[in-house]
Amino acid sequence: MERRVRVRFAPSPTGALHIGGVRTALYNYLFARRHGGDMLLRIEDTDSTRFVPGAEQYIIEALDWLGIRIDEGICMDAPNGKGDHGPYRQSERRVIYHRYVRQLLDSGHAYIAFDTPEELEQKRAQIPNFQYDARTRGLMRNSLTLPADEVQRLLNEGRQYVVRFRIEPDEDVHVHDLIRGEVVINSNILDDKVLYKSADDLPTYHLANIVDDHLMEITHVIRGEEWLPSAPLHVLLYRAFGWEDTMPQFAHLPLLLKPDGNGKLSKRDGDRLGFPVFPLEFHNEKDGTVSSGYRESGYYPEAVINFLALLGWHATGDREIYSMDELIRDFSLDRVSKSGAKFDYEKGKWFNHQYLMLRPDDQLAREFLPVLDAHGIARDIYPMPVIEHIVGLMKERVNFVSELWDQCDFFFRAPDEYDEKSLKKRWKEDSPRHITELLALLEQQDDWSAEALDALVMSWIAANEYGVGLVMNAFRICLVGAARGPHIWEITGVLGKQETLRRMRVALQNIH
RNA sequence: GGUGCUAUCGUCUAGCGGUUAGGACAAAAGAUUCUCAAUCUUUAAACCGGGGUUCGAUUCCCCGUAGCACUACCA
């Protein structure tokens, strides 16, 4: 029987959602949509000590901003989860896990261990490469070595304990991975993993994950490669529970690596290399840190999605620009690469540029208004169509809306100083005379259209045998304050006759 | 140390036995121009090494090497 595709993204609320986690969520989402299935969001908060306030809300907002829609579980419109497989927060599923811990204990697949952290540490110090497994569990204090009445006594006393999974030695465990094929690991290298800890009455990741995936009818587990080594353990758990026939298929994604040097991309790389590694800005209440986000850096969610999608996945062919719908249409796990991808921030900027270019000018102009505010420019300095015109003129030069300001500030305020390098190169001995003459010429000009001005000025230059470059560059410096900006008649057009002439007079007075 | 995964330009990648090894980012050069960009054109840039298999390996297999991951009462 073909089961309905159901995938989940199951982050831990231990801080801001890392960009690698975002990609995992994206691939899950693309896969779910591609196959007409469900995308669930489950919160894996079984480590009470690492809980960070606000992290869960952050995850929800981040996914929402990116356009990764959740069909079931914790989401924007249902903060406590929607769907009939809840609760979707593992800390609220305690009683469910109790039952399955019991099942494993009763079937002999798990046992109770009383060893304290200190005792374990001691053992690790004593025995090189110590591992709690078939070879060593006979040396430890657990329900396998202790008499039954002693175990009961310790339990009654309220002694802290953990439940460990009893792994049978000398067995090759096969994991079929949708991206990597068959992976075989011998059970000897697996340790008797802690499944449950009495200290906080919570299971560990491994138990909770398997139980929940089973109960939530997950068909495909798509997660980072760091989970590959524990996949055999998970297979063994499915088997111990007798759920092998409905065990989900696994797909382990390649890791996102640091752009420089070695290792996987970490939270700290953002500050170190000067680019965000989180979708949204995050204020961590626990440690007081602030992490920068893509949204606050001026990225469009479509660009982040496109960029991330291509970090580890590529369809046949040379296409680079994909909308979310196109990704959904083309995505497949067998085209996910096997090797890790270095995070190339420069390409991320290029993607944003592509999406910025796609925006209509009126929308861009609206996005630009807050930037004007930030620079103390009155919004009504120009009518909206003029701002749209300016933005349209300059947009191809920038990657972000915020960068627009540096490109077109002179439209909004007269230069208060003149760039020294430009002056040195473009303001010559004859310049004051040229500008004075040009000023007189323009004062008489009524037709202020680009065509008329161009015809007038060019013929004047030709008649006097002035150099076009010489005059125009000096003119530009008067208006802009530097050697930059769009075509000069675009500038005069926006500025208008009055302001143009005014700036020329000011320049004549101030440039020496 | 152990176990596993991986290996094409600097980076992301296409290639699924026979190709002048393709594209994109970044880089360089040229064109354009009143400037700065943008744009266009061009250039430079790769199959980790060694064995096999095969008429033929970037491609399949093995070994080596390197990188990465995991090796918690964290996920």
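**Notes on the predicted model**

1. The surface near RNA strand B comprises 22 nonpolar, 20 polar and 21 charged residues. Here Ala, Val, Leu, Ile, Met, Phe, Trp, Tyr, Cys and Pro count as nonpolar, Asp, Glu, Lys and Arg as charged, and the others, Gly among them, as polar. A residue is near a molecule or strand if its C-beta atom, placed from the backbone, lies within 6 Å of it. In total, 63 residues surround RNA strand B, and the closest are Tyr205, Asn262, Ser339, Met472 and Ala483. Two or more residues each come from α4, β8 (181-186), β9 (194-197), β16 (341-342), α11 (345-358), α18 (468-480) and α19. The largest contribution, five residues, is that of α18. Helices (H or I, at least four residues) and strands (E, at least two) are DSSP runs, numbered from the N terminus.

2. On provenance: this is a predicted model, in which local features need pLDDT of at least 70 and side-chain atom pairs count only at pLDDT 80 or more, while totals for chains, interfaces and linings use all residues. Residues are numbered from 1 along each chain as its sequence is written, and chains are lettered from A and ligands numbered from 1 in the order in which they are written.

3. Chain A is assigned domain 1 (6-74 + 255-309), domain 2 (93-253), domain 3 (361-411) and domain 4 (420-510); the bounds come from an automatic or database domain assignment. The centres of domain 1 and domain 3, taken over C-alpha atoms, are separated by 31 Å.

4. An open sheet has four strands in the order β5-β6-β9-β10, with antiparallel pairing. Its edges are β5 (110-113) and β10 (202-203), each of which has a single partner strand, so one side of each lacks a neighbour in the sheet. Two strands pair if DSSP finds at least two bridges between them. Between β5 and β6 (residues 162-165) there are four bridges. Ile112 has Val163 of β6 as its bridge partner, and Ala113 has Val162.

5. Side chains of a regular strand alternate between the two faces of the sheet. In β5, Ala110 and Ile112 point one way and Tyr111 and Ala113 the other, and all are buried. A residue is buried if 20 or more other C-beta atoms lie within 10 Å of its own, exposed if 12 or fewer, and partly exposed in between, with C-beta atoms placed from the backbone.

6. Which residues does Asn142 touch, not counting residues up to four places away in sequence? They are Tyr111, Ile112, Ala113, Phe114 and Arg137; contact requires C-beta atoms, placed from the backbone, to lie within 7 Å. Asn142 is located in the loop between α4 (117-126) and α5 (148-157). Asn142 counts as buried because it has 22 C-beta neighbours inside 10 Å.

7. Strand β12 (residues 249-253) is mostly covered, with four of its five residues buried. Five bridges pair β12 with β11 (residues 220-224) in the parallel sense. Within this pairing, Val221 has Phe250 of β12 as its bridge partner.

8. Helix α13 (residues 384-394) has Ile387, Ile390, Val391, Leu393 and Met394 as its buried residues. These residues lie on the same side of α13, because they cover an arc of only 160 degrees around the axis; the arc is that of the directions from the helix axis to the C-beta atoms. The buried residues of α13 pack against α12 (361-374), α14 (404-412) and α19 (488-510).

9. Gly86 and Pro87 are joined by a cis peptide bond, with omega about -5 degrees, and Pro87 lies in the loop between β4 (78-82) and α3 (94-106). Asp170, although not a glycine, has a positive phi of about 60 degrees. Asp170 lies in the loop between β6 and β7 (172-177) and counts as exposed, with 8 C-beta neighbours inside 10 Å. Glu217 also has a positive phi, near 55 degrees. Glu217 belongs to the loop between α6 (205-215) and β11 and is partly exposed, with 14 other C-beta atoms within 10 Å.

10. Pro53, in the loop between β2 (38-41) and α2 (55-66), is exposed, with 11 C-beta neighbours inside 10 Å. Pro53 and Glu285 are 232 residues apart in sequence and 6.7 Å apart in space, C-alpha to C-alpha. Not counting residues up to four places away in sequence, Pro53 touches Glu285 and Lys286.

Methods:
Two residues are in contact if their C-beta atoms, placed from the backbone, lie within 7 Å.
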